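Subject: Handover of a structure and notes on its contents

Dear colleague,

Please find below the structure that I am handing over to you.

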Amino acid sequence: MKSTATKSYDELREQARQLRLDVLEMTTKAGSGHPSSSWSPVEVVTALYFGGMLRYRPDEPWWPERDRFIMSKGHAAPLLYAALSHAGYFEREELWRLRDVGSPVQGHPIQGMMPGVEATTGSLGQGLSLGLGHVLGGRLAGKNYRVYVLLGDGECEAGQIWEAAMAAAHFKAGNLVAILDYNKFQETGPISREIALEPLVDKWKSFGWNVHEVNGHDIEEVLSTLQLVKQLEATGQPQIIIAHTIKGKGVSFVEADFTFHGRALNAEQAELAREELDATR
Amino acid sequence: MQLGKQAGLKLSDAPLRNVFGDALLDLAKSNPKVVVLDGDLGNSTKAEYVRNEFPERFFNIGIAESNLVGVGAGLAGAGFYPFIVSFSSFLLCNAYDQIRLAVAMSEIDATIIGSHGGITLGKDGPTQMGIEDLALMGGLPTFTIIVPSDPATMHAAVKAAPDIKGPVFIRSSRVPMPFIYPMEDTPFEVGKANVVREGTDLTIIGCGMMVSAGLDAAAVLAEEGIEARVLDLHTIRPMDIGAIAAAASETGAIVCAEEHLLQGGMGSNVARVVAEENPVPMRFVGLKDVYVESGDPWDLLKKYNLTADDIVAAGREVVKAKKAA
């Protein structure tokens, strides 16, 4: 069982770097995908899967007691697949079939098509509701798993997110943890310019959630906050961690250009990106 | 107008929605995995019968259909069998994309109940009526689509649902439907249409309340010397191609009748099968590109040509066309 694995912060940072490299290779080989959206929540996903937070069994993917991880921002599928493969759910070779005909490694996640993929996402705004369903089911079945949902910031414009937020507080879903990858950009531009979310903390608070803010690239801070929300489970208040992140984190020219949303790096760009990521080793 | 009277069917006092509530409660008693998700209409859909006995397995998610479907799908992921219940109009039109991803594409085991299907909810008017539900469900691969025609098949369908692999849609209704089948040992097999009346001159293919109307029509046609077979196509998908092909080859003429828009409903799907298997003259009874208004259900059926009389007229016509061919 991987949940007890303890890695040093340095090892986790190296794990994060490996995930970024895999996302790069996958999307560049596929010639499409969302590398920048996959890079912003890398440390969050690393903390969950490799920092001892999620309880899971790669050889028994649908273990009923498992903690759930739902990738609501489905366009970060490459990151999800990379994490699952590094966690031991399937061979890493599968990653290079991203978006190929006949491959289960679909452009956006399809529930159950790969082991460990909990939900079909990609039409945005749907993951939090699914997470709440898992919470209610776990409660009814007398299980004590936790449910983590990774939200994009853009998808918080969808009404369903707020329907789910309202219901989660009503049902006292203390073991529901939303992590909002607040990279400040949606497809067409800066969120503040397109359709502003602020005041975001106040919005979640007013819906009855306990709100935490972290630097989403600081693995220590992410981990300590994930530990904290575990301890707050008994309060019955749903928990949200607003992770301030940088879209395209790790590759300077992608960080500087939001149009990389939904666009893979070409071979030359990928070479430059690889050099940058290798330099941070 | 009294549905099933001309055919001599035994009337039911209970609206089909009440029958559904009873059936769901029966199932919940025998299957502890069954959970019910309500969109704050449990007193209308009668899903509340379960709330009264098993409150811990009943979740009112409120007037938020997108979330309703998502939470239901999550409960399936947690190992339960969800019945997601609301008016078919609100549920399908508000939460189509959620049903598409979280239920259909994910191929989860779950049942969606579209209550108040058709126009016979009557006086609440077109905003509440589910006249496009079969077309919408038809647009979602992986769903089994069932339209019970009487109390017995409603019970049988609800009971059968958890054993069906993948998602299921069952249409419920606000009005009573007469008994076509016995409540015990009801002949009901998913995907297998029932011949409820034999005949050789034409086949009336119906679903829901239009099966009773079809039986009434057959009784009238018989007085004119026209013997109609009546086929209860309770499962719209998977469609019983064999029964439809047999209807075409053995009777040579088909009338389809449904309480639904003609576009994308039962009849248009039957026509596709007939066109491929054995083209014969066809006529269609259903709603023609229209939103109907508030009104007494039976007045509305009359005004919008969804009665046994309309099936009779279509039957005469199609037999004439068959002879002319």
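The side chains of Arg13(A) and Glu220(A) form a salt bridge, with 3.9 Å from N to O. A salt bridge here is a side-chain nitrogen of Lys or Arg within 4 Å of a carboxyl oxygen of Asp or Glu. Arg13(A) belongs to helix 1 of chain A and Glu220(A) to helix 9 (residues 219-231) of chain A, so the pair ties together parts that are 207 residues apart in sequence. Over all chains, the structure holds 26 salt bridges.

Please note that this is a predicted model, in which local features need pLDDT of at least 70 and side-chain atom pairs count only at pLDDT 80 or more, while totals for chains, interfaces and linings use all residues. Residues are numbered from 1 along each chain as its sequence is written, chains are lettered from A and ligands numbered from 1 in the order in which they are written, and side-chain values use heavy atoms, with hydrogens and water left out.

Helix 1 of chain A

Helices (H or I, at least four residues) and strands (E, at least two) are DSSP runs, numbered from the N terminus. Helix 1 (residues 9-30) of chain A has 22 residues, which at 1.5 Å a residue should span 32 Å; its end C-alpha atoms are 31 Å apart, which agrees. The expected span is 1.5 Å times one less than the number of residues. After helix 1 of chain A comes Gly31(A), with a positive phi near 75°.

Chain A and chain B

Contact (heavy atoms within 4.5 Å) between the two chains takes 25 residues from chain A and 25 residues from chain B. The buried area, about 1800 Å², comes to 65% from carbon and sulfur atoms; buried area is the accessible area (1.4 Å probe) that two parts lose on being put together, summed over both. On the side of chain A, Gln126(A), Leu140(A) and Glu163(A) lose the most area to chain B, together 27% of what that side buries. Helix 5 (127-140) and helix 6 (159-170) of chain A each supply at least two residues of the side that touches chain B, and helix 5 of chain A gives the most, with nine residues.

The domains of chain B

Chain B is divided into domain 1 (16-171) and domain 2 (194-324), with bounds from an automatic or database domain assignment. Their C-alpha centres lie 26 Å apart. In this pair, 28 residues of domain 1 of chain B are in contact with 29 residues of domain 2 of chain B. The two domains bury about 2100 Å² between them, 60% of it on carbon and sulfur atoms. In domain 1 of chain B, Ile119(B), Thr120(B) and Ile131(B) lose the most area to domain 2 of chain B, together 29% of what that side buries. Across this interface the rule finds zero salt bridges and 18 residue pairs in polar contact, both at pLDDT 80 or more.

Yours sincerely

How values were computed
A polar contact is a pair of N or O atoms within 3.5 Å; within protein, one must be able to donate a hydrogen and the other to accept it, and residues adjacent in sequence count only if both atoms are side-chain atoms.
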